Amino acid sequence: MKNEMKYCRKCVYPFATVNLHVDDDGVCSSCKTFEAFEEIPDHFWDKRKERLKKLIKETSDNNDSEYDCLIPVSGGKDSYYQAHIITKELGLKPLLMTYHGNNFLPEGDSNRDKMRHVFDADHIIWGPNIEVLKKLNRLGFKRMGDMNWQNHCGIFSSPIQVAVKFKIPLIIWGEINWDISGMFDPNDFMEFSARVRHEHDLRGYEWYDFIGDQDDKLIEKDMIWAKYPSDEEILEVGVRGLYIGNFFKWDPNEHTKMMQDKYGWEEARQPFERTYRRMSNLDDRYENGIHDLMKFVKFGYGRCSDHASKDIRTGYMSREEGIEMVKKYDHVVSSDLYYWLDYVSMTEEEFWNIADTFRDPRVWWIEDGMWWKMNIWGGSSSYGVVHLNEKQIKSFNKKQDEIT
Amino acid sequence: MEEKLVCVLDYGSGNVGSVSNLLQHLGINTIISNKEKEIQKSTHLILPGVGSFGSAMEKIRKNLPMTLIEDDVVYKKKPFLGICIGMQVLANYGFEFGKHDGLGWIEGNVEKIDSGDNPLPHIGWNNVTSVQESKLMMGFEEINDFYFVNSYCFKVQNESNLIAETTYHKNFASVIGRDNILGVQFHPEKSQGAGQKIIKNFLEYK
Amino acid sequence: MKKNRVIPVLLLKNGWLVQSRGFSRHQNLGNPIDAVKRLSKWASDELVYLDISRDNIYDTRRDDQGYKNISSFLGIIENISKEVFMPMTIGGKIKNLNDIEDRLLLGADKVSINTEAYNNNKLIEDAAKEFGSQCIVVSMDVKKTELGNRVFTKFGKEDTGYGPLYWAKLMEDYGAGEILLNSIDRDGSGEGYDIELLDQISSECSCPIIAFGGVGEWEHFKEALDKTNVDSVAAANIFQYTDQSVYMAKKYLSNNGCNVRKPDLLKI
């Protein structure tokens, strides 16, 4: 059936979820990876902590720098947790490093800057020039429906450059990003790689794809922060990126509480409009906002589905409650849209004209000039006016026929 | 300096594409052809080949203008490189699936590899060691692994035609040559850096 | 002497590169092409690329990325052959000589045949005659049953009733150039190869055997090379866990006395 939306039977992820695999039993890869982590008994976590210590010792033998490791941080709850593990539990001296994409909420600024007050660590911040960032916001949105590409690029490029420059062989990342789609299992002990960065964080684009636009002119020198070191440079220093989530049991709700109590970490002052959680993504006002709205526009699900799925798995919420949350939040057009339109000098109409070109024909269909899709709670609903011209509508419908 | 033009001889052998891709990757003018005019225009000829001796010779006789090519290579001394089966057909006879006539441009026969207890076909990366100096093997250090896929090998009649050997239980000829006529048992187009160097050296022949 | 090959295997399922566990659980890793570029950069000895899709739908479900979403397997191979700098074996869904020819023309050096070798023995014989034995790899999947090891086909679902040694020797007689020997029980387990199985087959067959199924550490490669007569060692999942994985594997094996090519990076 056209545009039928199937859902994982345990969480609320649609089959359309990015990078998700659903096996024949109807349970998605994200649930299965979570279950694999849950099956690890406590004493195995002790063994995993020992494994981390051994890996740290291995890299320290090659370490010419004065820092034991580099921690890429945003100032979020995860960053605090990573810094806490490294400095307090393992007694190491890290270099903290932040990519500043100019989208921090005020409480995000404050959390970030507090880090070197509460941790024994030096902190480098690398922020590209604001005009370059505005251009990338516009280009990212027009080209791939993601104004936040610059953020993902910066976060996953600049720290590795710094590690290579400072000759620090160990980078400590936090959550296994990919448990969101269940790409890897606990015993894979997966490490940071250029392929995962290029394909998933940067979605197949690199800095050189943004040079040469007629309206938003950028040159190579504007994109130095966006480059990734070569294999030769990485091997010379012996840089490896390990994920704390492989060695310490990850529970975001518990971590938040711990970071608040120990270090005065602050959660969002205002509730987010597109999700019920308040402890995520303070480093970027658009991550839960219009960046994520674009995920909904493309694939029909949003950040709330991500959060609810995680909370269903950890038992904080039932699937029914999760579905209620999805119904309430996934589709919301949040007010940061207007903040962004002002930032990049675009009108709301221009925004929707571009956004609608990214609607996925596997999920959406057009009826009476409105966008429609199936819902997880049953039936279908309309979600806004179609902002495409006739030619674009024809092309959309043609694509839909080809795919389904 | 004369502009180089390599013709990869097309007689219905599977790997003309890979050879030509490598040449293009190196920035060399390349054509894949069996047409007389284009063969004549070329400065260098490459004969690739996979499969068996007998079936290759049959296709060569059927699909290539051999009188012209023989004249070009044997008499006019145009540089010629045979790869894998393309090297083996230079022999007088090949003994794979019966006795077959080869081109006879380099004296010798093609026989099954004596691999002892080792598995056949001989598939994978093996070392090639020069037994005499040659332009083709110039600039290689001692350890040079090239990619081979063969069950048969060339037994030269004249030691002067043996340029380099490879060991697999016993030694067998991996590079042979007589003046401008050269043959390599391995696949340069699959041998990464080492293979590229061989091709570049081949292009130095005039 | 000839080196033992260390061979990365890429598994393609419906347009996604995947991890496989026990032939029943899969995890999407990414698009079909990028991983090939990385493996080329790390001077891999060979590449085995297997299509394990249960049907003919190839769709990464999004069109907003920096690469094409290619909707056919042959289309995918065509794109891969532009990025692959080592010999490549293509397997999956090969039913007849035309299928083999299509893949060879698109850039494959060898093809791997599994289920169809059982459905139609003559295919291997005919293929070896037409294209040469060295082009034909027979891939076999082995599972432990109450009656001992058995060869399974159709993605590990159907028991052929044959033991692996009988099957391997039969395929060799028919003209297979190499055998890719996989253990279904070990698939994605990270617990190491089924050494007993590898030893049994590699000591009796005269064609090269490629070990597959179960690698969780570089040490497992060494174990197979030290304890059995396998010609080559292959793995799928593990090469996607770390950067410069092939380089690090060869570094480990070289440093520990194995007869493999030295680690290298290509200038691509």
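Trainee: What's the relative accessible area of Asp63(C)?
Mentor: For Asp63(C) the value is 39%, which puts this residue in the partly exposed class. Buried is under 20% relative accessible area, exposed is over 50%, and partly exposed is in between (1.4 Å probe, protein chains only). Keep in mind that this is a predicted model: local features need pLDDT of at least 70, side-chain atom pairs count only at pLDDT 80 or more, and totals for chains, interfaces and linings use all residues. Residues are numbered from 1 along each chain as its sequence is written, chains are lettered from A and ligands numbered from 1 in the order in which they are written, and side-chain values use heavy atoms, with hydrogens and water left out.

Trainee: Okay, and which side chain does Asp63(C) meet in a salt bridge?
Mentor: Its partner is Lys399(A), at 2.6 Å from N to O. The pair crosses between chains: Asp63(C) sits in the loop between strand S4 (47–51) and helix H2 (73–80) of chain C, and Lys399(A) belongs to helix H16 (residues 390–403) of chain A. Lys399(A) is also partly exposed, at 29% relative accessibility. We call it a salt bridge when a side-chain nitrogen of Lys or Arg is within 4 Å of a carboxyl oxygen of Asp or Glu. Helices (H or I, at least four residues) and strands (E, at least two) are DSSP runs, numbered from the N terminus.

Trainee: Why would two side chains like that pair up?
Mentor: Side chains of opposite charge can pair when their charged atoms come close.

Trainee: How many salt bridges cross between chains A and C?
Mentor: The rule finds nine across that interface. Another pair is Arg38(C) with Asp231(A), at 2.9 Å from N to O. Chains A and C also share 34 residue pairs in polar contact, counting pairs with both residues at pLDDT 80 or more. A polar contact is a pair of N or O atoms within 3.5 Å; within protein, one must be able to donate a hydrogen and the other to accept it, and residues adjacent in sequence count only if both atoms are side-chain atoms.

Trainee: Which helix of chain A gives the most to that side?
Mentor: That's H8(A), with five residues on the side of chain A that touches chain C. This side divides into 17 nonpolar, 10 polar and 14 charged residues. Here Ala, Val, Leu, Ile, Met, Phe, Trp, Tyr, Cys and Pro count as nonpolar, Asp, Glu, Lys and Arg as charged, and the others, Gly among them, as polar.

Trainee: How much area do A and C bury between them?
Mentor: About 3200 Å², with 43% of it on carbon and sulfur atoms. Buried area is the accessible area (1.4 Å probe) that two parts lose on being put together, summed over both.

Trainee: And what about B and C, how much there?
Mentor: About 2000 Å² is buried between chain B and chain C, and carbon and sulfur atoms give 57% of that. Ile123(B), Trp125(B) and Gln192(B) supply 33% of the area that chain B buries against chain C, more than any other three residues. In that interface 22 residues of chain B are in contact with 23 residues of chain C, where contact means heavy atoms within 4.5 Å.

Trainee: How many salt bridges are there between B and C?
Mentor: Two. In one pair, Lys190(B) meets Asp109(C) at 3.0 Å, N to O.

Trainee: How far apart are A and B?
Mentor: Their nearest C-alpha atoms are 16 Å apart, and chains A and B do not touch.

Trainee: Switching topic: how do Asp306(A) and Arg303(A) sit in their helix?
Mentor: They are three residues apart in helix H12 (residues 303–313) of chain A, which separates them by about one helical turn. Asp306(A) is buried at 2%, and Arg303(A) is buried at 11%.

Trainee: Which residues of helix H13 in chain A are buried?
Mentor: Gly322(A), Ile323(A), Val326(A) and Tyr329(A), in the helix that spans residues 319–329. They fall within an arc of 145° seen down the axis of H13(A), so they line one face of the helix. The arc is that of the directions from the helix axis to the C-beta atoms. On the other side of H13(A), Glu320(A) and Lys328(A) are exposed. H12 of chain A is included in what covers the buried residues of H13(A).
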